[in-house]
Amino acid sequence: MSALAALRNLALALTLGACAGSAFANSYEAHLPPELSTSPRMCDYVACADVMPGADSFSERKGQPPYVEAYRSTDGGKQLLGYVMLSTDITDIPAYSGKPVVTLIGMDTTGHFTGVKVLKHSEPILLLGIPEEALVEFNNQYLGKFVGDNIEIGRSRPEHDIIGLDAITGATVTVIAQNQVMMLSGGEVAKQVGILKPTIRPQATFIDSGARPGWQQLVEDGSVQRLTVTAEEVGLPHRGQPYIDLWFGYLNQPTVGRAVLGDGPYNSLMSRLQPGDHAIFIVRSAGIESFKGSGFVRGGIYDRVQVRQERDAFTFRDTDYFNLYGIAAAGAPAFSESAIFIVRSGAFSAAYPWKLVFLANKMDKATGAKTFANFDSEYWLPGAYMEGGRPEIVKPDPVWLKIWKERLVTIIAFTAFLVAIAVVYSRRDTLVRRSTRKNKWPVNAFKYVGWVISIGFVGFGLLAQPSITQVLTWFHALLFQWQWELFLSDPFIFIFWWFIIITVFLWGRGLFCGWACPFGSLSELLYKLGGWVGLKRYQFKLPKPLHDKLKWVKYGVFFGLLAVSMFSMGLAEKLAEVEPFKTTFLVGLFNRSWPYTLFASALLGLSIFTERPFCKYLCPLGAGLAMPSTFRWFGLKRKQECDSCKACAVGCGSQAIDKDGRIDQRECLLCMDCMVYYYEDHACPPLSQERKRRTKAGLPLTPIGADGYYIPIKPVATAK
Amino acid sequence: MVDPKMPTEPMDPPYAGKTGLVGRLGAELWDHLWPWSRTGFQRQRAIQAAGLALGLAASVVWVLAAMGRLDAGAIIGWWFGWSVFEVVVRLGAKPYVKEGPWWGAAYRSATLMDMICYVSFKNLLIGAVLFLSLKSLGLVSV
Ligand code: SF4
Ligand code: SF4
C-alpha cells in the first residue's frame, strides 16, 4: 500500500506541480476527523467561531436534527449569539460529484446567516478550472440574509419575493445543491429554535364508514404504507434481509385507526390525545436495525424516525411514545418492534401528504467514514376517509424542471440548432451535387454557420462544451449512484449528449466533431481564416505515415484517463485538463493561470497552420467517440476507382483516406469534400474521362446516379 | 484489387447466408457471446493470450484490492482483463466485424483497432447490464 500510495502522491504532486499557479483546492476531499460528525462536542473538532464571529464558547450538539448554540462571554455570564450547524447532520443532498458538500453554517438568533464555511467537497470543477474562492464568494452572498426568505440561484424577482444569488459560471449544479443545503439546514434549525414559525395547515374532517378493512385492503388503498431500506443502501454487504422494513399509517382516522388497533385500544388512544395531536403507528416486519434505537441519544429524542410535511419536520420525544401491543387488522405481518408516536403540532395535518423518514448512517466503503443518509416513504390518507376528499395541492417543481422552464426559449433554440445540423447533413447528397471543387458554398455555408453558432452561442454563450469528464462522471454514476436529476440540471449538455449518441450511431463522430463541437469548430475556423488571410503557404499537414502513428495518441489519452479515473476521479479530472475546453470556454483564456492559457493558446495558434491538431492527435473525447463510430450505420460513398485515384485523399483535411482510397470512419470529420468530388464530372477522374468520351462521341451527358457514375445510355429498341 | 467501398476486405462469417430471422439472430447472438470458433481455435496463441490477459487482470484487481475497493473494482478489473483476452481470441477465431447498419448482414475483416472497438463497446454494454443487475440483486455493493 505504501508504495502505491507513494506513487499516487507522486503523480498527484507532479500534476499539481505542472499546474503551478492554480488556486490550490484545499477542501477538495479534505480529511475531516470522524468525531466531527459523531461527537457531541462538535466544535472541538472544527473552528465553529469561523462562522459565528465573536463567539467564544459552544454548547454540545442538541436537537434533532442537531445544532450547537454559540455564546459570547459577558461580564455577567454568557450571551447566546446564535447557532452553528453542520450541513451533513441535516441533509444529504449531493452536489455534482454525487457527494455532499460538507458545510459549516452559522446563523444568529434572528435567523440571519453569519458565516458559511466549506469543510470538504468533492466537486471536480472546483478542483481545477474554477478556483475554490468562487465557492467562498458564492457562500458569502448568504451573509446577512434571512433564512426565511425565498433565496434562489438566478435573478432577484421582487415581484415574486425571490432573492437571487449569482451562480458560479460553469458550476451551476454545485451551487444549486449548495443553495438547497443552506436553506434546508438553516430552516430546520430556525424552526427548532422558534425563529421560523411552522406552517399552519387546515385539518381534515374524517369520515367513519363503519367498515373494518383488513390489512391487505389498508395496504391497497394506501392507508398503510411501507418503508424498506436495504443493507446495500447504507453501504453494508448484502445479507439476505433488509436493513429495516417498516409499515406505518395514520391512526386518528377512525376507520383506519379502529381497523389497525381494534375498537378498545383505539378509543383509549384517542382519549389520551390532546386536541391537535396526531397518532401514527410503525411496526418493523423485518430487518437487522431498530427504528427506536437502543437509547435516547440526544435529549430523549428518538433520532431514527421522524415525520416530515413539506419543510416541517416533526420529531418524537420519549413522552410522545405509546406502546403498540398488537394489530387487529386481519392479515397483518408478524412484527418484532412496534410503536405509536404522537405528532404534537398544529402544523401537521392529515389532509396533506407527509413522509415517514428513517435516518441512518451510511458507511463509505473506501474510507470507513459514516455519513448521514435518510430514506423516506410518502403517506397521504386516501380521499375516501376525509370529507371533501384530498385537497388540491400544488407540488413545487423539482429544481431541474425549474431550470428547464426558465431556459425554455434557449433550450428550444439550441435543440433547433442541433436538429438543423442533422437535417442538413441528411440532405448531403443534394448539397454536394450543387457544389463543385471550386465552389463548395452550398455545403460550406451551412457548415460555417454551424461553426459560428457552435462557437459563439453554444461554446461561449451556453458553456455547453461536451467533455471527457462528463463521460467519466457517467461511468462513475453508473457504478455508484445514477441520478437523472443531476444530469438534467444541465439541460444543454444533456441534450447535446443525446445528439452525440444518436448521430454517432447514424453517421459516426464526424457530425459532432466536424460540425458542432465548439472547440473543434473554433480550431478549424482558425485554420480557414489563416488560409483566407494569406497564410496558406505556411499551412501544412503532417506526412501521412507520421500522422498514422500520431493519431493513436488520442486513444492512449482516452484509455489513460479512464484507467486513472478508476483509482482517483480527482486525478483524472486534473489530467483531463489535456482538453483545453475549460480554459477556452468555461473559464476564459485570460482568467486562468499561465500554463493553461499557454497550452490552449498554443493549440489554437497551431490550428492556424495545421488543421485541427488537437482533434487529430490528442482529444480524448474524439477518441472515445471514434471507437463506436466503427459501427456507424451509414458511411460515405466510394467507387471502385478510388483505389488508385488520390484526388480525394490529397484534399482530405482529416487525412482520413488511405492509399487504397478507403475512408477511416474513426478519423473522418464528414467535411464532405470527397463527396463533392464524388459527383463532380470535372474533378472525379472516372467521371471526367467519361464526360470527355461522351462529349467527343457526341453522346448526351445523362445525370449522375447515386453510384457516382453517369446513368448509362440504354439504346431504345426502335420499332421495326 | 481492394474495394474502397468497404473499410477493410469483405469477409463472411460461417453463418452468412443463413435465412430466417430467428436463425440469423440466434447465430449473431451466439457470435457476440462466444468468442471462440472450432476452425480458428489456435491453442498456442490462446494460451499465451490467456496468460497475458490474466496477468493484466490480476494486476488491476490487485491494485484495486489494495485500495480497499475489491467489490466493484474486482469485477471491473476482471472484466477488463477478460476483454483484452477476448480481443486476442477473436482476432484468431472470429476475425470479422459487421459493417453498416446493425440489421444488415455485411461483414468485413477486422483490424486490431476494429476488434478493440467491437469488444470494448460490446463488453461495456454486457458489463453494464450484468453490473446493474448484480447491483439491484444486492450481490455487489459499492
Ligand atoms: S476531436 Fe475533440 S475537440 Fe475535436 S471536434 Fe471532436 S470532440 Fe471536439
Ligand atoms: S474528405 Fe471525405 S473522408 Fe476526408 S474528412 Fe472529409 S468527408 Fe471525411
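This report walks through the cysteines, a sheet and the ligand shell of a predicted model.

Residues are numbered from 1 along each chain as its sequence is written, and chains are lettered from A and ligands numbered from 1 in the order in which they are written. In this predicted model, local features need pLDDT of at least 70, side-chain atom pairs count only at pLDDT 80 or more, and totals for chains, interfaces and linings use all residues, while side-chain values use heavy atoms, leaving out hydrogens and water.

Let's start with the cysteines. A disulfide is a covalent bond between the sulfur atoms of two cysteines; here the search counts a pair of cysteine sulfur atoms within 2.5 Å. Over all chains, one disulfide is found. Cys43(A) and Cys48(A) form a disulfide, with 2.1 Å from S to S. The torsion about the S-S bond of Cys43(A) and Cys48(A) is about -90°, so this disulfide is left-handed. Both Cys43(A) and Cys48(A) are buried, where buried means under 20% relative accessible area (1.4 Å probe, protein chains only). Two further buried cysteines are tabulated here.

| Residue | Relative accessible area |
|---|---|
| Cys652(A) | 10% |
| Cys674(A) | 11% |

Next comes the sheet. Five strands of chain A, in the order β1-β2-β3-β4-β5, form an open antiparallel sheet. Its edge strands, β1 (57-58) and β5 (113-120) of chain A, each pair on one side only. Strands are DSSP runs (E, at least two residues), numbered from the N terminus, and two strands pair if DSSP finds at least two bridges between them. Six bridges join β4 (residues 102-108) to β5 in chain A.

Finally, which residues surround ligand 1? Among them are Arg509(A), Phe512(A) and Cys513(A).

Key:
A residue is near a molecule or strand if one of its heavy atoms lies within 4 Å of it. Buried means under 20% relative accessible area, exposed over 50%, partly exposed in between (1.4 Å probe, protein chains only). Helices (H or I, at least four residues) and strands (E, at least two) are DSSP runs, numbered from the N terminus.
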